[in-house]
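Please read this briefing with the sequence and the structure side by side. The points below are grouped by topic.

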Amino acid sequence: MPLVTQPLFVQIVFWALSAVVVISALLVISLQDIFKAALALVLSLLSVAGLFILLNAEFLAAAQVLIYVGAIAILIIFAVMLTQNVAQGSLSNNFRIPVALGVSLLCVFIIIAITGMDWNLITEANLSSATQEAVNTIFADGTASLASILLNNYVLPFEAVSLLLLAAVIGAIVLVRER
Amino acid sequence: MIGLEHFLVLSAVLFSIGLYGALTKTNIITILMSIELMFNGVNVAAVAFSRWITPYTLNNDTSAIAEDVMRHLMTGQAFAIFIIAVAAAEVALGLGIVMAIYRARETVSITETNLLKR
């Protein structure tokens with residue numbers, strides 16, 4: 001039993017969101033029209049943002065909507081419209097059946113590993129009362145905790161990411177520039 | 001009761017769908033979209049771990065201070081932030097390469113693209 005209580009509607013929301021995520025992900029890889037596939041990708045990414053809210057990660061949900069739906073999806077739709085080959089669409093290569101077999105086998109193995117694993121969950125039984133109190137405080141204000149850990153423990157990767165994004169922006173400009 | 005396993009199975013399914021798309025599609029943009037699906041599967045798993053898993057060092061540890069607990073609980077979310085940032089950089093560069101290939105080759109199919117130059 002996790003330390004945060006779980007009302008019934010959480011279950012309904014989880015099943016609805018995961019159904020939308022899986023169905024729209026399947027649409028992304030099955031639709032012939034790449035533009036429609038990009039729209040299905042937007043739906044999938046939005047539902048993942050909803051899942052982040054269910055997981056007490058409000059800041060990540062906001063970042064997901066801003067970065068994935070707001071930036072990455074728009075970029076992909078622009079690329080589709082600039083390069084779309086209407087006659088061809090989104091074709092598959094000749095390895096559909098072996099890849100489908102291999103991937104579903106991999107998925108089954110992962111699910112067996114997940115369900116067979118004895119996870120060390122956050123429960124009242126294995127945490128001292130002081131730790132439980134700390135856990136509750138952290139989940140009550142997750143965004144502040146995330147900011148604190150990003151700017152204390154992970155400050156070097158945080159700065160490295162800004163350098164990476166700068167390099168990516170310059171690289172994209174160089175690649176797209178007309179010669 | 002929705003627990004850790006539910007989210008992990010969902011993330012495994014999402015990752016597998018993305019992997020299938022990345023391996024079978026011939027359109028570069030569709031492959032990039034499939035890779036985004038894989039990133040999202042990994043992100044769901046990382047955030048679910050940070051929500052439900054406690055490291056063994058904290059088990060019945062009465063001396064654990066709040067900062068230690070926070071470091072353990074928020075690491076998954078911090079990694080998800082980094083994954084999102086790296087995905088943004090990857091898409092910006094990937095679509096730049098797509099545009100360069102399209103300008104040189106008039107196609108975005110990987111079956112007709114074996115060189116990056118004209």
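**The nonpolar core**

The largest nonpolar core counts 78 residues, and I76(A) and I29(B) are those with the most contacts inside it. To this core α3(B) gives the most, with 16 residues. This is a predicted model, and the predictor gives the complex an ipTM of 0.89 and a pTM of 0.89.

**Around I29(B)**

- Neighbours within four places in sequence are left aside here; I29(B) is then in contact with I34(A), I76(A), A79(A) and V80(A) of chain A, and with V98(B) and V108(B) of chain B.
- Helix α2 of chain B runs over residues 28-52, and 22 of its 25 residues are buried, so that α2(B) is mostly covered.
- At 1.5 Å a residue, the 25 residues of α2(B) should span 36 Å; the end C-alpha atoms are 37 Å apart, which agrees.

**Where the chains meet**

- In chain A, 83 residues are in contact with 74 residues of chain B.
- On the side of chain A that touches chain B, at least two residues each come from α1 (8-30), α2 (34-54), α3 (58-83), α4 (96-116), α5 (129-140), α6 (142-152) and α7 (155-176) of chain A.
- The largest share of that side comes from α3(A), with 12 residues.
- By residue type, the side of chain A that touches chain B divides into 60 nonpolar, 22 polar and one charged.

**Domains of chain A**

- Chain A is divided into domain 1 (1-91), domain 2 (93-127) and domain 3 (141-179).
- Between the C-alpha centres of domain 2 and domain 3 of chain A the distance is 31 Å.

**Two residues with positive phi**

- N56(A) is found in the loop between α2 and α3 of chain A, and its phi is near 60 degrees, a positive value in a residue other than glycine.
- E106(B) counts as exposed because it has 10 C-beta neighbours inside 10 Å, and the cut-off for exposed is 12 or fewer.

**Confidence in chain B**

- The average pLDDT of chain B is 86, and 90% of the residues score at least 70.
- Among the elements of chain B, helix α1 (residues 4-24) has the highest mean pLDDT (93), and helix α3 (residues 66-105) the lowest (86).

Conventions
Residues numbered from 1 in each chain as written. Chains lettered and ligands numbered in written order. Predicted model: local features only at pLDDT ≥ 70, side-chain atom pairs only at ≥ 80, totals over all residues. Domains from an automatic or database assignment. pLDDT = per-residue confidence, 0-100. Helix = DSSP H or I, 4+ residues; strand = E, 2+ residues; numbered from the N terminus. Contact = placed C-beta atoms within 7 Å. Nonpolar A, V, L, I, M, F, W, Y, C, P; charged D, E, K, R; others polar. Core = buried A, V, L, I, M, F, W, Y, C linked by C-beta atoms within 7 Å. Buried ≥ 20, exposed ≤ 12 C-beta atoms within 10 Å, placed from the backbone. Expected span 1.5 Å × (residues − 1).
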